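Open your viewer and get ready to click. This tour tells you what to select at each stop and what you will find there.

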Amino acid sequence: ARTVTTGLTIDATGNWKLDDGDGDDTNGHTLYDVTHLPCRAARYRRRVAQDAENGSPSTVRRGDFPVAPGGIMPDVPGTDKQIYSVLFIIGKRSV
């Protein structure tokens with residue numbers, strides 16, 4: 001089990017970084033350290049907007065869902081898949 005606690009700094013333009021964990025800004029931690037792995041979250045986007053045959057909910061292999069804990073998000077014909085990591089935020093520090 002990972003037991004890392006660190007700060008998440010987000011600047012005015014939306015760029016972000018993880019603090020080192022002891023309050024300094026050495027950026028020593030990664031998303032792997034602070035996410036719940038594996039998260040079963042993905043976004044599917046149709047590859048070709050005019051292709052009504054692929055990339056729609058009707059092309060999903062129903063047996064692939066729901067995804068079992070620890071499972072990899074399945075491919076859906078006609079789509080590009082983007083996997084997401086989920087951060088757990090447990091507090092907010094005002095600056």
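The stops below go from the whole chain to single residues.

**Stop 1: the whole chain**

Start with everything selected. Remember that this is a predicted model. Show it as a cartoon. You will find one helix and four strands. Now trace the chain along the sequence. The order is β-β-α-β-β.

The chain has 95 residues, and 16% of them are buried. The accessible surface comes to about 7400 Å². Carbon and sulfur atoms hold 53% of that area.

How much of the contact count comes from residues 24 or more positions apart? Among contacts with a separation of 6 or more, such pairs account for 51%.

**Stop 2: a nonpolar patch**

Keep the surface on. Select Leu8, Ile10, Trp16, Leu31, Leu87 and Ile89. Together they make a nonpolar surface patch of about 560 Å².

Zoom in on Ile10. This residue sits in strand β1, which covers residues 8–10. Is Ile10 buried or exposed? Ile10 is exposed, because its relative accessible area is 55% and the cut-off for exposed is over 50%.

**Stop 3: Gly7**

Go to Gly7, in the segment before β1. Its relative accessible area is 22%, so Gly7 counts as partly exposed.

Gly7 and Asp19 are twelve residues apart in sequence. Leaving out residues up to four places away in sequence, Gly7 touches Lys17, Leu18 and Asp19.

**Stop 4: the salt bridges**

How many salt bridges does a search of the whole structure find? The search finds three. Visit each in turn.

- Select Asp80 and Arg47. Their side chains meet in a salt bridge, 3.0 Å from N to O. Asp80 lies in strand β4 (residues 79–83), while Arg47 is in the loop between β3 (42–46) and β4, so the pair ties together parts that are 33 residues apart in sequence. Asp80 is partly exposed at 42% relative accessible area. Arg47 is exposed at 52%.
- Select Arg61 and Asp64. They form a salt bridge, and the closest N and O atoms are 2.9 Å apart. Arg61 is partly exposed, with 41% relative accessibility. Asp64 is partly exposed too, with 25%.
- Select Lys81 and Asp75. These side chains also meet in a salt bridge, at 3.2 Å from N to O. Lys81 is partly exposed at 31%. Asp75 counts as exposed at 52%.

**Stop 5: Thr79**

Finish at Thr79, in strand β4. Is Thr79 buried or exposed? Thr79 is buried, because its relative accessibility is 6% and buried means under 20%.

Look at what surrounds this residue. The side chain of Thr79 reaches the backbone oxygen of Val76 at 2.7 Å. Now select the residues that Thr79 touches, leaving out those up to four places away in sequence. They are Tyr44, Arg45, Arg46, Arg47 and Gly55.

How values were computed
Residues are numbered from 1 along each chain as its sequence is written. This is a predicted model: local features need pLDDT of at least 70, side-chain atom pairs count only at pLDDT 80 or more; totals for chains, interfaces and linings use all residues. Side-chain values use heavy atoms; hydrogens and water are left out. Helices (H or I, at least four residues) and strands (E, at least two) are DSSP runs, numbered from the N terminus. Buried means under 20% relative accessible area, exposed over 50%, partly exposed in between (1.4 Å probe, protein chains only). Contact means heavy atoms within 4.5 Å. Accessible areas come from the Shrake-Rupley method with a 1.4 Å probe; for residues, only the protein chains shown count as cover. Patches are made of residues with over 30% relative accessible area and no salt bridge: like charges are joined within 9 Å, nonpolar side chains (Val, Leu, Ile, Met, Phe, Trp, Tyr) within 5 Å. A salt bridge is a side-chain nitrogen of Lys or Arg within 4 Å of a carboxyl oxygen of Asp or Glu. A polar contact is a pair of N or O atoms within 3.5 Å; within protein, one must be able to donate a hydrogen and the other to accept it, and residues adjacent in sequence count only if both atoms are side-chain atoms.
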